[in-house]
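Hi,

Here is the structure we talked about handing over. Please open it first, then read my notes below.

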Amino acid sequence: MASESNGTSAEVEPKPYIVRVSKRFIYLSLITSTLLAFTIGRAARIILIEGPRQALLAPHDSSAMFVRPEHSRPLPNPQLIEGKEVPKTLYTAKNFDTAIGASSSSAYLERRVDITTDANTDASSFCNANGDGKQQCSRGIAAEDKVVNAGTEGVEHEHLPAGQHLLIDIKNVDGTFLNSEGRLAEAMVSVVSESKLTLLSYHCHKLIPMGVSCVGVLLESHISFHTWPAEGVITLDLFTCGSGALVPVLPIVERMFAIPIEGGDVDMPLTVWTHKLRGFSTKHSYLGDDLGKFVLEKTSMDFKAKVGSTQTSFQRIDVYDTIDAGLGRDYLSYTKSLTADGSYESLHPELFLPEREVFLDGVLQSTRYGNEPYHEALVHPALFAHPNPKRVGIIGGGEGATLREALKHKTVETVAMIEIDGDMVSFSREHLPDWNTCSDIEGSTEWCGDDPRAVMRYEDGMAWFDDRFSDKKKKKAAKYQEDPFDILIMDALDPQDNVPFADILYTNESFLKTLFKND
């Protein structure tokens with residue numbers, strides 16, 4: 001055991017390997033690594049991201065249409081209509097930094113500044129974003145101040161959960177205009193101002209490579225649009241919950257946004273639009289009747305334009321021209337008919353006229369391509385059935401078409417038209433000349449009302465017949481003496497039109513008796 005113990009050498013503990021590095025070496029290594037990583041990352045960004053991006057944008061940057069934003073032309077401030085006040089509002093916005101936005105700008109309606117306010121007070125109407133892109137600004141008059149709604153004189157309107165929506169698409173618009181954030185913003189502010197609406201704030205983005213999107217917050221709701229400059233297209237969206245009608249705003253929008261393309265032989269701007277009632281209103285509107293269903297709300301029409309409208313003492317009258325491709329007419333043929341290119345359309349323009357539709361209180365009454373068949377069927381069967389019709393009486397007939405058809409009969413000596421609404425007759429003479437012309441009747445006149453056989457009476461038809469033919473007729477007064485009629489034609493509103501005085505024409509027993517009385 002001793003020898004074994006003596007023959008075994010003792011284990012030697014290994015010494016640790018120690019590397020001594022100076023602080024200077026450590027600092028230099030860190031700096032070198034950081035610089036190397038930055039250089040590699042920067043080179044990779046240039047090669048993989050910025051290089052392809054610049055190559056993609058180069059054609060657009062060289063285009064005369066594309067102009068990078070310059071803030072030498074500030075965006076216009078929202079305008080407050082005289083006599084209106086803005087309610088207390090809190091403006092909040094959040095901007096996101098994206099690679100496709102060349103610029104982002106916001107403007108808001110400045111609150112009313114008191115004359116005692118310090119002159120050094122910043123009255124700028126622009127809200128600047130903080131570091132994270134969030135904006136919050138308090139604007140408006142005190143909450144207890146009175147608010148005046150659009151189109152009113154100190155009258156506060158009931159805010160119903162309903163409104164009107166106007167969607168407008170315009171093509172063949174100047175591309176430079178559609179890519180100018182400042183010009184577009186000015187047009188939007190002008191549309192709102194001329195429409196008697198209140199623009200609280202708006203926000204615009206100029207996009208890369210081109211195009212502009214803007215949205216404006218109205219006291220009544222909102223307005224927004226987006227542009228495609230290369231295609232010459234802009235789409236707009238206007239929604240209001242106020243009481244004012246939106247359709248009359250359309251000509252203002254066209255005047256401000258339908259800017260023709262500069263140059264030689266180019267197409268003029270074309271507007272396609274639709275109007276719809278929105279929400280849950282308990283109040284009846286003429287816009288929701290036939291006028292809305294057949295014209296305003298239809299999106300399939302290639303063309304629709306208001307010819308005229310008026311509110312008389314008795315009814316509202318609306319006349320529209322429309323072209324619906326689904327009904328066998330098209331906009332291209334119509335536009336060719338307006339030229340002098342020698343085409344069949346230009347030689348026969350009367351065959352390609354738009355449909356003209358007449359609405360009374362929103363209910364369809366007559367159309368250009370239906371007026372002759374309708375009025376011929378209304379008049380001629382009765383006159384042909386009579387052996388010798390000389391005196392014809394028409395109750396209603398404000399369009400003048402029934403009078404026109406009655407005057408075509410040579411035996412007729414007198415046609416008395418008793419129409420309560422003289423303004424309807426004047427309006428029809430101006431906007432519906434095809435309905436009431438007698439120029440194709442030998443010996444007649446341009447306007448049927450001027451025919452020597454026509455007797456125009458702008459009176460209540462029921463009262464007129466009651467005074468002359470009822471049992472209580474005023475026999476002594478000479479002006480109430482009237483010979484009986486051979487033919488009587490009722491050309492008034494239909495009983496199903498849900499108009500109270502129209503129902504009376506068909507249900508009042510006393511009035512019906514006067515129509516059949518012969519002495």
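**Backbone, rings and surface**

K196 sits in the loop between α4 (181–194) and β5. Keep in mind that this is a predicted model. K196 is not a glycine, yet its phi is positive, about 65 degrees. At 45% relative accessibility, K196 is partly exposed.

D361 also deserves a look. Its phi is near 50 degrees, a positive value in a residue other than glycine. D361 lies in the loop between β12 (355–360) and β13 (363–367). With 27% relative accessibility, D361 counts as partly exposed.

Next, a cis peptide bond. It joins I208 and P209, with omega at about 10 degrees. P209 is placed in the loop between β5 (199–207) and β6 (212–218). Why list these backbone features? Most residues other than glycine have a negative phi, and most peptide bonds are trans.

Now the rings. Searching the whole structure gives 11 aromatic pairs. W464 and F485 form one of them: the ring centres are 6.2 Å apart and the planes meet at 40 degrees, so the pair is tilted. W464 belongs to helix α12 (residues 461–469), while F485 is in the loop between α12 and β17 (487–491), so this pair ties together parts that are 21 residues apart in sequence. W464 and F485 are both buried.

F465 and F469 make a tilted aromatic pair, 5.8 Å centre to centre with 35 degrees between the planes. These two residues are four apart in helix α12, so about one helical turn separates F465 from F469. F465 has a relative accessible area of 1%, so it is buried. F469 is buried as well, at 2%. Ring pairs link W464, F465, F469 and F485 into a cluster.

Which arginine lies over the face of F485? It is R391, at 4.6 Å from the ring centre. Elsewhere, R329 lies over the face of Y369, and there the distance to the ring centre is 4.2 Å.

Last, the surface. Y17, V19, V21, F25, I26, Y27 and L30 make a nonpolar surface patch of about 830 Å². L30, one of these residues, is found in helix α2 (residues 23–61). L30 has 53% relative accessibility and the cut-off for exposed is over 50%, so L30 counts as exposed.

Best wishes

Methods:
Residues are numbered from 1 along each chain as its sequence is written. This is a predicted model: local features need pLDDT of at least 70, side-chain atom pairs count only at pLDDT 80 or more; totals for chains, interfaces and linings use all residues. Side-chain values use heavy atoms; hydrogens and water are left out. Rings of Phe, Tyr and Trp (its six-membered ring) pair if their centres lie within 6.5 Å; planes under 30 degrees apart count as stacked, over 60 as edge-to-face and the rest as tilted. Buried means under 20% relative accessible area, exposed over 50%, partly exposed in between (1.4 Å probe, protein chains only). A charge sits over a ring if NZ of Lys or CZ of Arg is within 6 Å of the ring centre and within 35 degrees of the ring normal. Patches are made of residues with over 30% relative accessible area and no salt bridge: like charges are joined within 9 Å, nonpolar side chains (Val, Leu, Ile, Met, Phe, Trp, Tyr) within 5 Å. Accessible areas come from the Shrake-Rupley method with a 1.4 Å probe; for residues, only the protein chains shown count as cover. A salt bridge is a side-chain nitrogen of Lys or Arg within 4 Å of a carboxyl oxygen of Asp or Glu.
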